[in-house]
Amino acid sequence: MKTKRFIKDYLLIAIAMMLGALGWIVFLLPNRIALGGITGIASIFYWGFGIPAQAVYFGLNALLLLIALRILGWRFCVKTIFGVIVFTLFSSFLQGVMGDTHLLADQKFMATIVGGAFMGISVGLGLSAGGSTGGSDVVAAMVNKYRDMSLGHVILVCDLAIITSSYLVLHSWEEVLYGYVLLFVMSFCVDNVVNSMRQSVQFFIISERYQEIGKAVNTIGNRGCTVIDGRGFYSGNELKMLFVIARKTESSTIFRLIDEIDPGAFVSQSAVIGVYGEGFDRFKVRRSRKNLSLDKAQLRAISD
């Protein structure tokens with residue numbers, strides 16, 4: 001299971017980086033559309049001084065990852081290093097293939113929307129798999145580790161200054177405005193991708209074969225079950241009900257298991273706002289020392 005998850009994560013990161021490189025090299029960089037993060041800084045150096053964008057992107061990310069290593073740990077940083085390498089290599093390859101050719105040269109607004117969608121999906125998929133394209137994504141991941149804040153909004157705040165500073169090279173507020181539009185498109189895509197990947201659902205399953213279903217969900221679905229004792233109001237019969245929490249992406253597997261064991265089972269599925277604990281998300285609450293000592297005093301009073 002761990003090997004399968006390992007391969008899945010790195011494959012997802014590789015696909016995400018390729019999508020991001022495609023959006024950057026084909027739609028944004030040649031159309032002089034400013035963007036945030038390290039890619040935005042690399043673009044500014046490319047437009048202003050002719051320095052290869054990939055070299056600046058890779059060098060600045062290396063410095064940032066040295067700082068993030070202590071906060072995010074090896075697991076995140078290794079995946080991000082992998083993502084940065086794939087992004088750099090694929091963007092270099094695309095730039096070599098494309099040359100001076102670029103798409104939507106006369107439709108800058110469409111290039112902004114399409115390029116922003118590619119970049120936003122790339123960032124969202126990378127963060128969902130535990131990696132990123134580096135830059136402001138790393139900053140967002142560090143903030144998100146301690147605070148339950150929107151990843152897209154954190155990236156938005158980090159990138160506004162970079163896009164505004166691109167005026168020093170572009171000398172056109174119109175082109176800077178395209179960068180602001182791009183930023184909102186990316187923010188929207190990041191939040192939607194991350195939320196869809198992390199969305200959870202809950203099941204209430206009533207079946208006479210609840211033990212078989214529970215074992216199948218445990219072993220095959222790799223999710224825990226809780227057995228709840230109940231009684232039918234009309235019939236008055238005793239019954240057993242399974243309570244299951246799973247990722248939305250796992251719901252089809254659970255439905256398949258139920259259908260194979262007991263097609264006549266009564267099943268209720270509903271979406272949940274947040275699930276915290278083992279196998280899901282972690283609490284992201286940071287308290288001051290004063291509040292923490294107060295909470296401990298209250299807990300001791302309750303215990304007494």
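This is a predicted model: local features need pLDDT of at least 70, side-chain atom pairs count only at pLDDT 80 or more; totals for chains, interfaces and linings use all residues.
The largest nonpolar core comprises 46 residues, and Trp24 and Leu28 are the ones with the most contacts inside it. Seven helices are each represented by at least two residues: α1 (2-28), α2 (37-49), α3 (53-98), α4 (108-128), α6 (151-165), α7 (167-170) and α8 (173-198). Of these, α3 gives the most, with eleven residues. The surroundings of Trp24 can be followed residue by residue. Once neighbours within four places in sequence are set aside, Trp24 is in contact with Leu29, Pro30, Leu35, Thr39, Ala42, Ser43, Ala53, Phe87, Ser91 and Met119. Another core lies apart from the largest one; it has 14 residues, including Val201, Ile205, Ile213 and Ile258.

With 21 residues, α4 reaches 30 Å from its first C-alpha to its last, close to the 30 Å expected at 1.5 Å a residue. After α4 comes Gly130, which has a positive phi, near 90°.

In general, side chains of opposite charge can pair when their charged atoms come close. One of the pairs joins Lys79 and Asp9, with 2.9 Å between the closest N and O atoms. Because Lys79 sits in helix α3 and Asp9 in helix α1, this pair ties together parts that are 70 residues apart in sequence. Lys79 counts as buried, since its relative accessibility of 11% falls under the 20% cut-off. Asp9 is buried too, with a relative accessible area of 8%.

Asp229 and Lys240 meet through their side chains at 2.4 Å, N to O. Asp229 belongs to strand β2 (residues 225-231) and Lys240 to strand β3 (residues 238-247), so that the pair links distant parts of the chain, eleven residues apart. Asp229 counts as exposed at 58% relative accessibility, whereas Lys240, at 31%, counts as partly exposed. Arg231 forms a salt bridge with Glu238, and here the closest N and O atoms are 2.6 Å apart. Arg231 is exposed, with a relative accessible area of 56%, and Glu238 likewise counts as exposed, at 59% relative accessibility.

Conventions
Residues are numbered from 1 along each chain as its sequence is written. Side-chain values use heavy atoms; hydrogens and water are left out. A nonpolar core is a set of buried Ala, Val, Leu, Ile, Met, Phe, Trp, Tyr and Cys residues joined through side-chain atoms within 4.5 Å. Buried means under 20% relative accessible area, exposed over 50%, partly exposed in between (1.4 Å probe, protein chains only). Helices (H or I, at least four residues) and strands (E, at least two) are DSSP runs, numbered from the N terminus. Contact means heavy atoms within 4.5 Å. The expected span of a helix is 1.5 Å times one less than its number of residues. A salt bridge is a side-chain nitrogen of Lys or Arg within 4 Å of a carboxyl oxygen of Asp or Glu.
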